[in-house]
Amino acid sequence: MGNTSSMLTQYDIEEVQEHCNHVFSQQEIVSLYHRFCQLDRNSSGFISGDEFLSVPEFAVNPLSQRLLRMLDGLNFKEFVAFLSAFSPRTSLQHKIEFIFKVYDFDSNGKVTFDDILNVLRDLTGSFMSEQQRQKVLARVLEEAGYTKDSSLVLSDFMKILGNSDLKMEVEVPID
Amino acid sequence: MAGLGSSISETDLDRPSIEEYLAAESIRESSKKLLLRDLLDISPTLKEAAGAIVDDSFTRCFKSNPPEPWNWNIYLFPLWCLGVVIRYGILFPVRVTTLAAGWIVFFAAFFPVHFLLRGHNKWRRKIERKLVEMMCSVFVASWTGVIKYHGPRPSIRPQQVFVANHTSMIDFIILEQMTAFAVIMQKHPGWVGFIQKTILESVGCIWFNRTESKDREIVSRKLREHTQGADNNPLLIFPEGTCVNNHYTVMFKKGAFELGCAVCPVAIKYNRIFVDAFWNSKKQSFTTHLGQLMTSWAVVCDVWYLEPQYIRPGETPIEFAERVRDMISVRAGLKKVPWDGYLKYFRPSPKLIERKYELCQPLQFLVKYKQN
């Protein structure tokens, strides 16, 4: 599946499907491939940050910079694996794992007070002051049984978000 | 699919503002406490981002769908080959010759008139206008344009502007064939720029440059001056600001709608069966685009001149622009999209991004929590 051809073989599709644990149908993968080629304007085999930002709906999203870091340099197979967290067929665990990765900026498996604060800052911008954010976060953490110095690992996230209703699904349009 | 980006007016009407939340002390509704899980749950925002990655309404506006190949079997393929031979071997040379002949006649008549009749401006302008109209007809003939005009022909009156949806620069040629419009255009390089400078001056043209930030005020002023001149050709404006693929319309810029004069909408719809007239300026030069048109069978389109509109009392220019866009979209069968065409060239402004914070659910929740 080179970056030169814009045709997917059956073998390529199956490989991609395998890689994303079969959460996307073959038709959806073909659709995603067309979308990938559409976004990858210079046909380099991956979508650059700039190419992602040319989608205004993505550029105005508060978490776009964080996601760009995760999307940087992904080839098509990895791109589909990234999006697999948003398929209706994915497990709740996979979705929580994705959210954990968004928080865990330095990918060390631990989410600290500062990590959460950073995401909060991305989401709230100038609408809350830094003190307000820290106050709210500290209070909420305490009430949940953690402290300012705790670092949360994936299993903590699973416990916290485990029985909530995570609506994180995206429909892949089939041309 | 995750929701489309909201336009600015939509956010004003639908969502209460942050200030309301922060100010009101009496918000004690179901004193739902903010739990850690609500704070950590960023799924709505992530969902929107993923939705934008998978499909977004803005990119769809500029997608040129290649026609389905129909020449795939044993008897259709030779037919298609014959078609190619006719198109490239017979039609194309004939068209190029016609166009060249047209240009020669045009220049032979235009330059003498332009210089010799210097003193008699009224006559000079009349003849130049007619010449430009003739040249546009030659252009249209060079792609075998089959154009159906509906509605009353534009009349030359002061205090009116014409607005149309934009698919390619040939929109201008098609409309100019019928009436000599003055036009407002982006400065182009190459031979197009040369034509802009010499010939289009005669019908009256206003230049703008997307890349210059102060440009908008200068252009506004020029527009106003033009519409007030009784002798000027009616002004044709493409308020989308960029070429769109003739299936969608992007938001209209309000410049044409705050001049205080009548706005006459014109809707243009191309028939894709013959050729896709969308000019994707990022993918092909205008010359290539013309070449593509000249090697197709025909350019078929419908032009509707719609009823002149006036701004209603209490209506803002933006609302007026949206109302006219609605008329044009309905008439030409186009879908409306809430994005600014200039996002093709520039990133969203910080102001637009700020607006998105207001809609952010965790933020609304957090602000509610502050009251508890």
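Trainee: What do the buried residues of H1(A) pack against?
Mentor: They pack against helix H2 (26–39) and helix H6 (76–83) of chain A. Keep in mind that this is a predicted model.
Trainee: Which residues of helix H1 in chain A are buried?
Mentor: H1 spans residues 10–19, and its buried residues are A:Asp12, A:Ile13, A:Val16 and A:Gln17. Their arc around the axis is only 135°, so they sit on the same side of H1(A).
Trainee: And what is exposed on the other side of H1(A)?
Mentor: A:Tyr11 and A:Glu18 are exposed there.
Trainee: Moving on. Which residue with a positive phi follows H1(A)?
Mentor: That's A:Asn21, with phi near 60°. A:Asn21 lies in the loop between H1 and H2 of chain A.
Trainee: Is A:Asn21 buried or exposed?
Mentor: Exposed, because its relative accessibility is 60% and the cut-off for exposed is over 50%.
Trainee: Let's switch to chain B. Where is B:Asn246?
Mentor: Look in the loop between strand S5 (235–237) and strand S6 (248–251) of chain B.
Trainee: What is phi of B:Asn246 near?
Mentor: Near 65°, a positive value, again in a residue other than glycine.
Trainee: Buried or exposed, this B:Asn246?
Mentor: Buried. Its relative accessible area is 5%, and buried means under 20%.

Definitions and conventions
Residues numbered from 1 in each chain as written. Chains lettered and ligands numbered in written order. Predicted model: local features only at pLDDT ≥ 70, side-chain atom pairs only at ≥ 80, totals over all residues. Heavy atoms only, no water. Buried < 20%, exposed > 50% of the residue type's maximum accessible area, 1.4 Å probe, protein only. Helix = DSSP H or I, 4+ residues; strand = E, 2+ residues; numbered from the N terminus. Arc of directions from axis to C-beta. Contact = heavy atoms within 4.5 Å.
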